[in-house]
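Colleague: I'd like a close look at one part of this model. Could you walk me through it once it's up on the screen?

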Amino acid sequence: MTDVRDDVASSAANDTSRQPSSDFIWYELMTPDADASKAFYDAVVGWNIGEPAPEFQGYRMIGRSDGEFAGGVMPLTAEVQQHGARPTWLGYIHVADVDASVKEIEQAGGKTLMQPFDIPNVGRIALVTDPQGAPFYIMKPTTTTDEQSDVFSPDQAQHVRWNELSTTDPEGALDFYRKQFGWGQEGDMDMGEMGKYRFIQNGPTTIGAIMRKPPQLPVSLWTYYVGVEDIDRAVDAIKSGGGQVLNGPMEIPGGEFALNAMDPQGAPFGLVGPRK
């Protein structure tokens with residue numbers, strides 16, 4: 001059996017129409033209770049989170065209704081929790097050279113939380129933070145396919161549709177991601193005292209936004225908004241499943257609705273979709 005993250009590698013892009021080292025190619029939930037997370041997210045999003053793979057520390061694949069994958073679930077052991085790991089969602093950004101990227105990130109003021117290492121037949125990864133402390137993975141997949149990862153889609157349910165960075169230093173963060181991954185920044189919304197909500201692009205595609213961290217957030221972090229087919233049904237599922245709606249649903253440009261929530265284990269996430 002191959003590593004459960006083979007799907008990350010097999011779906012990574014060699015697509016010259018977009019920046020080669022800037023795509024979000026995978027998303028991963030870290031949780032202390034994978035069974036409870038399966039029950040919760042399957043009901044809220046419509047996913048089918050798979051069975052654990054014992055040979056890979058219980059890792060689970062997040063299945064979509066179309067038969068493809070939306071990401072993975074990594075169980076948090078008591079040991080890693082004792083070292084400070086907490087329930088969270090993390091994104092993987094594709095890079096051409098993990099080791100070189102780690103050095104550049106550190107030189108730019110970021111930190112390395114997990115040194116680069118190889119997953120056989122899958123790729124090389126490292127866990128890092130930006131200069132403001134927001135964590136994310138970088139990855140160079142081992143792949144010979146030209147198929148592009150589709151875990152991110154700006155308009156499809158059961159995919160991550162929006163990547164939002166809340167940070168103590170929006171200007172500094174924007175400069176960091178521009179230099180490290182070649183992302184662009186065009187367009188913004190005025191949020192009053194919170195400043196500007198600045199849209200970020202990977203090539204021609206708007207992938208999310210950068211904003212000033214609100215006071216209620218303890219640290220800078222990325223929030224990933226998953227697409228749902230009915231935002232009100234998802235709200236009911238969050239509440240009945242033991243999660244908490246923190247903000248919203250609020251109408252967004254285009255007529256859809258977005259919300260911020262926390263799952264029963266404490267991992268923050270977002271949803272976006274229509275009201276039916």
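Colleague: Which residues does Gln180 touch, not counting residues up to four places away in sequence?

Modeller: Gln180 touches Ser101, Glu104, Ile105 and Ala108, leaving out residues up to four places away in sequence; contact here means heavy atoms within 4.5 Å. Bear in mind that this is a predicted model, where local features need pLDDT of at least 70, side-chain atom pairs count only at pLDDT 80 or more, and totals for chains, interfaces and linings use all residues. Numbering runs from 1 along each chain as its sequence is written, and side-chain values use heavy atoms, with hydrogens and water left out.

Gln180 sits in helix H5, residues 170-181 (helices are DSSP runs of H or I, at least four residues, and strands are runs of E, at least two, numbered from the N terminus). Gln180 has a relative accessible area of 16%, so it counts as buried (buried is under 20% relative accessible area, exposed over 50%, partly exposed in between, with a 1.4 Å probe and protein chains only).

A salt bridge means a side-chain nitrogen of Lys or Arg within 4 Å of a carboxyl oxygen of Asp or Glu. Glu171 is partly exposed at 49% relative accessibility, while Arg198, at 17%, is buried. By this rule there are ten salt bridges.
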